[in-house]
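Me: I am new to this structure and would like to go through it in questions and answers. Please show it first.

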Amino acid sequence: MNYIDLLNNIDKNNLKNINLLQVEDKYFLDLSLKTLKNDFIGNDFLDFNYEKVDFQTLEKEKFQTMVETLPLMSDRRLVVIDNCDFNKDSLKKYEELLNYISSFFEKFNTMTYLFFVYNSDKLFKGKFVKQIEKFGHIYCFSRLDQKNFVSFVRKFFINNGVSIDINSIRLITERLRYLDRDSKKTLFEVENELSKLLNNIKSKSPTYDEIEESIIDTFEEKIFGLLDYMSSKDLKKSLYSYSTMKNEDQMMIYYMIIRQVRNMICVKDCYDKRLNIQTGQSYCNLSPFEYKKLDKLVRNYELKDLLLLHDLCFKSERNFKTSKRKIEDIIERLILEFCMKK
C-alpha cells in the first residue's frame, strides 16, 4: 500500500494498530506524520499522546512503556519508532530486541497506534517484517514515476491558481531532473524549486515561452537546457543559452556535451537495432525518462554523424591541450556541429 492508502485508512478509521512505513522519499513521511498527529490523534494533549523514539536507542523496557501507556483524555495514542534497521545484514544484531517487540503483536494494546519507519528503497521480508504483515499494514512511500510526477507538478500550480499547458508541464519536469536514473532529488527540493519558479511567473496563464524564460537560472538547469536545445538542433536557442554560461565551469559544460553524445550514440544504436525500450535503457544504463527523451531526439541524427561528433569532441580536447585555442571557442564549434548535422 502507498501514501494514498494510508490516508484512506485514516479517513475510514481502518488504521491497524501495527504499521510499517518503508520510506524512499521523506516528503510523504512528513505529510503522513502531520496527518496522524493533527487529524487522527488531535492537538489536544498531543504531548502526552504522541511519542517518537529512534530505533538505535530503543530498549525493551522503553518499548513496553510506550505501547502500554494509556492515552490521556483520548482513545488513541501514537508511537513512532524512527530510523529502523531492517537490513538483512543487521537482523542478527537486533534479533533479541525484534523478537521481544513482536511478542506484543498478537495481543497488542488497541489504543496504541505503532509506526515503524524504515528509510530504504528495498524491504527484506524477514521474520519480523512478516509478523508486521500478519498483524498490521505495510506502506511503501516510493519515488514518483513519470505519470505521478507530472501530476504532482500540475497540482502544485493548480493549487496556487496558475494554469499551465501540458507541454510547459513537461518542460518543467524535465528541467527538475527528478526522474533521472541516479537522481537523489527529493520532493522537498522539487517543491522548493517550483515555489521559486512560481515567484518568477508574471501571469495566471503563462505561455510556454514565458515558462521557459522563468525557469530558475541555476548552472545545472542552464546546462541541461543547453543540451536539450543542441539535441533538438535549435541553433539559435543553443547559442543564446551558452552565452549566459560564459562565467560558469567551461570544462564541466564540455564534459556534459561528451556525455550527451555518448548517450545519444547508445540510444541511436538501440533504435536502429529495433530493441525495445526496456532492453535499450538497461543496455545504455539510463532512466526510462531520459531514455525515452533521447529516443525521440536521436531520430534527427544518423549514427555516423553522432560518431563523428564524438570523434570531434576528443579532437577538440586534444587541440585545447596542445594549442592556444580557448575552451569557449571549442564549445561553440561543438554547438555549431551538433545543430548543423543533417
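**Domains and their contacts**

Me: How many residue pairs are in polar contact between domain 2 and domain 3?
Reply: This is a predicted model, and the count takes in pairs with both residues at pLDDT 80 or more. Between domain 2 and domain 3 the number of residue pairs in polar contact is one.

Me: Which helix gives the most to the side of domain 2 that touches domain 3?
Reply: The side of domain 2 that touches domain 3 is made up of one nonpolar, two polar and eight charged residues. The helix that gives the most to this side, with three residues, is α8 (residues 166–176).

Me: Where does the chain divide into domains?
Reply: Domain 1 covers 3–141 and domain 2 covers 146–214. The remaining part of this division, domain 3, covers 219–340.

Me: Which three residues supply 51% of the area that domain 2 buries against domain 3?
Reply: Domain 2 and domain 3 bury about 1,300 Å² between them, with 44% of it on carbon and sulfur atoms. On the side of domain 2, more of the buried area comes from these three than from any other three residues: R175, R177 and R181.

Me: How far apart are the closest N and O atoms of D228 and R175?
Reply: Side chains of opposite charge can pair when their charged atoms come close. The interface of domain 2 and domain 3 has one salt bridge by the rule. D228 forms a salt bridge with R175, and their closest N and O atoms are apart by 3.9 Å.

Me: How many residues apart in sequence are the parts that D82 and K52 tie together?
Reply: D82 forms a salt bridge with K52, with 3.7 Å between the closest N and O atoms. D82 lies in strand β3 (residues 77–82) and K52 in strand β2 (residues 50–54), so the pair ties together parts whose separation in sequence is 30 residues.

Me: What is the UniProt feature at residues 24–134?
Reply: Over residues 24–134 the chain is 41% helix and 17% strand. The unreviewed UniProt entry names the feature there as "domain: DNA polymerase III delta N-terminal".

Terms used:
Residues are numbered from 1 along each chain as its sequence is written. This is a predicted model: local features need pLDDT of at least 70, side-chain atom pairs count only at pLDDT 80 or more; totals for chains, interfaces and linings use all residues. Side-chain values use heavy atoms; hydrogens and water are left out. Domain bounds come from an automatic or database domain assignment. Buried area is the accessible area (1.4 Å probe) that two parts lose on being put together, summed over both. A salt bridge is a side-chain nitrogen of Lys or Arg within 4 Å of a carboxyl oxygen of Asp or Glu. A polar contact is a pair of N or O atoms within 3.5 Å; within protein, one must be able to donate a hydrogen and the other to accept it, and residues adjacent in sequence count only if both atoms are side-chain atoms. Helices (H or I, at least four residues) and strands (E, at least two) are DSSP runs, numbered from the N terminus. Ala, Val, Leu, Ile, Met, Phe, Trp, Tyr, Cys and Pro count as nonpolar, Asp, Glu, Lys and Arg as charged, and the others, Gly among them, as polar. UniProt positions are given in the numbering used here, feature names are shortened, and annotations may be inferred rather than shown by experiment.
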